[in-house]
Amino acid sequence: MGHRTRVRWAALLAGMACVAGGIALGSGPYHDLRAFEKAGYCGSVARDDCVTRLSMTVISRSTYTTEDPDPQPPPQPPPQPPPQIPGPYYWGPSVAALPVGRIVAALPMSQTTHYQLVVRTADGKSHTFGVSGDMYDMARAGTRGTAEVWHGRIVRLRIGSHSADQWSYWSLGLAWALGWIGVMLIAAWGVPLADAAPHLAAFTWWIGIIAFVALHTWRPAFWVVPLAGGGLFLLYRVRLSVGHRNRRPARW
């Protein structure tokens with residue numbers, strides 16, 4: 001078995017394992033989310049197959065900011081040092097003497113404001129939630145709203161015409177990313193076709209991440225993005241294979 005064949009088998013097995021792991025980790029949260037979106041509201045008796053509504057009151061609100069460095073342009077090559085003057089008394093610039101602290105402090109920073117509400121539900125419990133700026137502006141101390149409860153946890157807040165989902169998408173996102181890695185391992189290296197440049201596979205994977213983040217509220221994106229991205233990459237490799245075969249010299 002040649003080196004290329006071993007690489008293909010390793011990529012195929014690793015890709016299948018990632019896809020299976022992603023499906024196993026994400027199928028439960030995905031179906032739970034879909035069931036919540038299709039469920040109706042409970043009546044006088046709370047059940048597991050319906051959404052319970054609890055009245056709530058805003059106790060307080062607060063904000064905090066986080067700072068993230070703005071993306072920097074690619075680093076330019078350093079300028080050539082000046083020619084050294086012959087002699088034992090020349091002192092060149094020292095890297096250790098550079099004002100690193102001032103340089104870091106001078107980097108452009110962007111601030112993100114986060115909005116939080118502390119609410120008390122009808123059962124007497126207090127909860128802290130992150131909300132949008134529009135809901136924060138409407139929610140004053142004493143403002144009343146509704147908390148929607150699904151399987152024992154608050155998943156949505158409603159105040160006036162504004163709503164804020166409190167669903168945790170981390171498990172779904174991590175499971176989807178694992179499955180997407182597996183799809184690209186299979187599409188880029190696991191199938192016996194002409195090899196594409198590795199940076200194209202990485203670029204396709206990042207485009208898939210961006211597309212999923214932009215379309216995650218459209219639930220079919222969970223499977224449409226991997227199938228479309230992996231399928232397009234496979235078609236590209238098929239085109240490369242056909243081109244390589246057409247360039248081979250004919251045998252007489």
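## Second largest pocket

The second largest pocket is lined by Tyr169, Leu172, Gly173, Trp176, Ala177, Ile209, Phe212, Val213, His216, Arg219 and Phe222, where a pocket is an open set of points on a 1 Å grid over the protein atoms alone, reached by a 1.4 Å probe and with protein on both sides within 12 Å along at least five of seven lines, and a lining residue has an atom within 4 Å of a point. Its volume is about 180 Å³, a volume being the space filled by probe spheres set on the points, which are joined across faces, edges and corners. The model is predicted, so that local features need pLDDT of at least 70 and side-chain atom pairs count only at pLDDT 80 or more, while totals for chains, interfaces and linings use all residues. Residues are numbered from 1 along each chain as its sequence is written, and side-chain values use heavy atoms, with hydrogens and water left out.

H4 and helix H5 (198-215) each supply at least two residues of this lining, and H4 gives the most, with 4 residues; helices here are DSSP runs (H or I, at least four residues) numbered from the N terminus. By class the lining has 8 nonpolar, 2 polar and 1 charged residues, with Ala, Val, Leu, Ile, Met, Phe, Trp, Tyr, Cys and Pro counted as nonpolar, Asp, Glu, Lys and Arg as charged, and the others, Gly among them, as polar.

## Largest pocket

The largest pocket holds about 390 Å³ of space and has 16 lining residues, of which Gly22, Ile23, Trp176, Phe222 and Trp223 lie nearest its centre. The elements giving two or more residues to that lining are H1, H4 and helix H6 (221-247), and the lining comprises 12 nonpolar, 4 polar and no charged residues.

## Helix packing

The axes of helix H1 (residues 3-38) and helix H4 (residues 170-190) come within 7 Å and cross at roughly 155°, where axes are lines fitted to C-alpha atoms over the stretch in contact and angles run from 0 to 180 degrees between N-to-C directions. H1 is therefore roughly antiparallel to H4 (an angle over 145 degrees). The crossing of H1 with H4 is left-handed, the near helix being turned anticlockwise from the far one by less than a right angle, or clockwise if right-handed. Residues of this contact divide into 18 nonpolar, 8 polar and 1 charged.

H4 and H5 pack at about 150° with their axes 10 Å apart, and they are therefore also roughly antiparallel, although their crossing is right-handed.

## Disulfide

The whole structure contains 1 disulfide, defined as a pair of cysteine sulfur atoms within 2.5 Å. Cys42 and Cys50 form it, with their sulfur atoms 1.8 Å apart, and the link is right-handed, with 100° about the S-S bond.

Definitions and conventions:
Angles under 35 degrees count as roughly parallel, over 145 as roughly antiparallel, 65 to 115 as roughly perpendicular and the rest as oblique.
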